[in-house]
Structures are given as structure tokens and as C-alpha cells.
Amino acid sequence: CSGDGGTDSGGGYPDQNITIVVPFSAGGPTDTVTRMIADPMAKALGGRIVVQNVEGAGGTVAAGQVAAAQPDGYTVLMHHIGMSTAPALYKDLGYQPLADFATIGLVTEVPMTVVARPDLPPATFTDLTAYLKANAGTVTLANAGIGAASHLCGLLFQSAVGVKLQEVPYQGTGPALTDLVGGQVDVMCDQTTNTTGQITAGKVKAYAVTTPERVKSLPDLPTTTEAGMPQLQVSVWHGLYVPAGTPDEVVRKLSGALTTALADPAVIDQMAKLGTAPVPAADATPEAHRTHLEEQIATWAKVISDAGVKAS
Ligand code: MLT
């Protein structure tokens with residue numbers, strides 16, 4: 001039982017294409033994780049999954065669209081930590097994460113990196129903080145809009161450094177990273193699922209990873225704790241959702257397919273190369289996901305309010 005008020009039908013599911021909606025640009029971190037699991041999930045379900053990018057407003061446009069979709073299991077949302085931060089960041093969100101969705105299961109938790117255009121002068125994280133303080137008026141900080149993980153990490157980073165940078169919003173960090181590589185923006189906080197390739201290729205400067213432990217795929221990159229900023233800790237959890245009222249049997253089938261996909265050696269390998277891993281099987285369940293979402297909404301409401309950030 002999903003615990004979300006669904007009914008017990010859906011025995012023939014799936015008998016048409018399933019769409020997984022990604023709330024950010026194609027080629028970015030959310031899209032990358034979604035495409036890793038889409039095929040193995042489709043195989044486990046005996047159906048076909050199409051990935052659709054619905055950009056806008058830090059992921060909230062897509063979430064609102066899926067909340068209003070038919071609760072039949074054919075429209076699924078992949079979302080991340082933004083599902084839990086948006087209620088504190090938006091006055092009129094237009095949907096309620098807990099009331100309007102049934103949770104399918106958690107997917108992965110991704111470290112973030114503090115990165116910069118390749119020719120930004122500072123060499124180390126400490127140099128970077130000094131540089132930002134000296135140049136706050138002109139330094140640009142890319143993000144994927146209010147509610148995005150890059151936005152949240154950027155807020156925490158600016159608060160930890162004690163500066164206000166010029167924020168440049170994109171529809172996703174896929175295009176933002178392209179601009180960072182090209183030198184059109186200066187700094188960004190972004191997930192290893194997006195930045196690993198460009199860091200390894202030397203196309204962006206990387207200063208720190210925002211998790212307590214170093215990331216195996218980027219072994220030379222210090223943690224923010226090692227770099228002297230232990231308060232900057234963010235990792236980006238992802239989960240799958242369907243509209244509330246989706247039949248319990250459909251929720252169970254999707255969750256089972258997610259568990260199967262996360263145990264696929266190819267998925268584990270692809271994730272490891274990008275600095276992440278599937279969640280343990282016990283967390284790829286509707287119940288664990290819902291509990292996590294509840295906790296995260298409460299946690300981030302406090303952090304965001306303590307940071308003095310007002311909902312817009
Ligand atoms: C994306 O897929 O573009 C990202 O997850 C954006 C973000 O949340 O920073």
C-alpha cells in the first residue's frame with residue numbers, strides 16, 4: 001500500500017508508454033540520473049518509458065504539471081531535494097509535495113561540487129573565498145532557478161562566505177555548466193553527476209565537494225570540511241513521484257521496477273563513475289521516501305528561514 005489513498009486497480013499496467021518528467025534541462029544532472037534508470041525500469045515493467053524535460057521555475061513548473069496529471073501511473077516525476085525546499089522558497093507554489101503526490105521511492109543521493117570557469121584566478125578553496133569577498137560586486141553565480149539544488153547550495157555558500165554574488169538563473173545546470181566552461185559565468189555549485197566529466201577534463205576549476213567524505217571519482221578534490229567550511233554540507237537526494245490517487249498496485253509496480261533498476265550492475269557502474277550510488281533497496285520504497293520527504297521539508301524550512309531567505 002502506498003499510504004497515499006490510492007485504490008487497488010491497475011492490474012494490466014503498463015499498457016501504454018510511461019512518461020518520466022524531468023524538471024530541468026536535458027543533459028543536466030537530473031536528466032542524467034533519470035536516463036540511467038529509465039531503460040532498466042521499463043524492462044522490469046515490460047513497457048516503454050519516455051523521458052520528457054519540462055523546464056522552468058527551479059523545477060516547480062514540472063512538479064505542478066505532474067501534480068495535476070491523471071493519477072494513472074503513466075506520468076511520473078523525477079525530482080530532487082527541490083521537492084522539499086520549494087515550500088519554503090515560494091509563496092504560491094500551486095501544489096503541496098505531501099498531499100498532491102504519492103512517493104515511489106528514493107533513487108540516489110548526489111554530492112555537490114563548488115566549481116568555477118577555468119580561468120578564475122583563485123587556486124584553492126580558501127583563495128576562492130578571499131577572491132569572492134574582494135570581488136562580490138562583479139562575480140556571477142550560476143544556478144538553475146529558485147528551488148534548484150544549485151540555488152540552495154549557492155545560498156548556503158554565499159551565507160557561509162558572507163557575500164552576495166550576482167545570481168544568473170538557467171533552466172538547468174546542463175546549460176549553466178556549458179556557460180561556465182565557456183567563461184560566460186564565474187562560479188557554480190553543482191552535482192557530481194554533471195560536473196565530474198568537465199572537472200576530470202580540466203574544463204572547469206573545482207574547489208571542493210560538499211559532503212563529509214571525499215568522492216571516489218574525484219579523489220583529489222578536498223571536502224568543504226577539509227577546506228575550512230564544514231557548515232557547507234549539501235547532497236542532492238532524488239526520488240520518483242506520481243500524482244496522489246494513483247492506484248496502489250501501480251505504485252507498487254513502479255517501486256519494484258525502481259528497485260530492480262537500482263540493482264542493475266550497469267546502473268551502479270554509471271553512477272559510480274559520476275560520484276554517486278543507488279540508495280539501499282530499503283529506501284527505494286514509497287514509505288521510506290515519504291518519511292524522508294517529510295523530514296526534509298521540516299529541515300529545509302528551518303535552514304532557509306534561519307538563513308534569512310524570504311519566500312518569493
Ligand atoms: C538539473 O538537472 O539541471 C539540476 O538538478 C539543477 C539543479 O537543481 O541545480
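## Surroundings of phenylalanine 125

Once residues within four places in sequence are set aside, phenylalanine 125 makes contact with Val114, Tyr207, Ala208, Pro222 and Ala227. The model discussed here is predicted. Phenylalanine 125 belongs to helix α5, which covers residues 125-135.

Is phenylalanine 125 buried or exposed? Phenylalanine 125 has 20 C-beta neighbours inside 10 Å, and the criterion for a buried residue is 20 or more, so phenylalanine 125 is classed as buried.

## Shell around the ligand

The ligand is surrounded by 15 residues, of which Phe24, Gly28, Thr30, Ser150 and Gly172 are the closest. By class, the shell around the ligand comprises nine polar residues, five nonpolar residues and one charged residue.

Three helices each supply at least two residues of this shell, namely α1 (29-45), α6 (149-161) and α7 (173-182). Which helix gives the most to the shell? That helix is α1, with three residues.

## Packing of α1 against α10

Two packed helices are described by the angle between their axes and the distance between the axes. Helix α1 also packs with helix α10 (residues 265-273), at an angle of about 180° and with the axes 10 Å apart. Angles over 145 degrees count as roughly antiparallel, and α1 and α10 are therefore roughly antiparallel to each other.

On the α1 side, the contact is made by Met36, Ile37 and Pro40, and on the α10 side by Val267, Gln270 and Met271. The contact of α1 with α10 has five nonpolar residues, one polar residue and no charged residues.

## Packing of α3 against α11

Helix α3 (residues 82-89) packs with helix α11 (residues 286-306) at an angle of about 45°, and their axes are 8 Å apart. How are α3 and α11 oriented relative to each other? At this angle the pair is not in the roughly parallel class, which requires angles under 35 degrees; α3 and α11 are therefore oblique to each other. The crossing of α3 past α11 is right-handed.

Helix α3 contributes Met83, Ser84, Thr85, Pro87, Ala88 and Leu89 to the contact, while α11 contributes Leu293, Gln296, Ile297, Trp300, Ala301, Ile304 and Ser305. Nine nonpolar and four polar residues make up the contact of α3 with α11, and no charged residue takes part.

Terms used. Residues are numbered from 1 along each chain as its sequence is written. This is a predicted model: local features need pLDDT of at least 70, side-chain atom pairs count only at pLDDT 80 or more; totals for chains, interfaces and linings use all residues. A residue is near a molecule or strand if its C-beta atom, placed from the backbone, lies within 6 Å of it. Helices (H or I, at least four residues) and strands (E, at least two) are DSSP runs, numbered from the N terminus. Ala, Val, Leu, Ile, Met, Phe, Trp, Tyr, Cys and Pro count as nonpolar, Asp, Glu, Lys and Arg as charged, and the others, Gly among them, as polar. A residue is buried if 20 or more other C-beta atoms lie within 10 Å of its own, exposed if 12 or fewer, and partly exposed in between; C-beta atoms are placed from the backbone. Two residues are in contact if their C-beta atoms, placed from the backbone, lie within 7 Å. Axes are lines fitted to C-alpha atoms, for helices over the stretch in contact, and angles run from 0 to 180 degrees between N-to-C directions. Angles under 35 degrees count as roughly parallel, over 145 as roughly antiparallel, 65 to 115 as roughly perpendicular and the rest as oblique. A crossing is left-handed if the near helix is turned anticlockwise from the far one by less than a right angle, and right-handed if clockwise.
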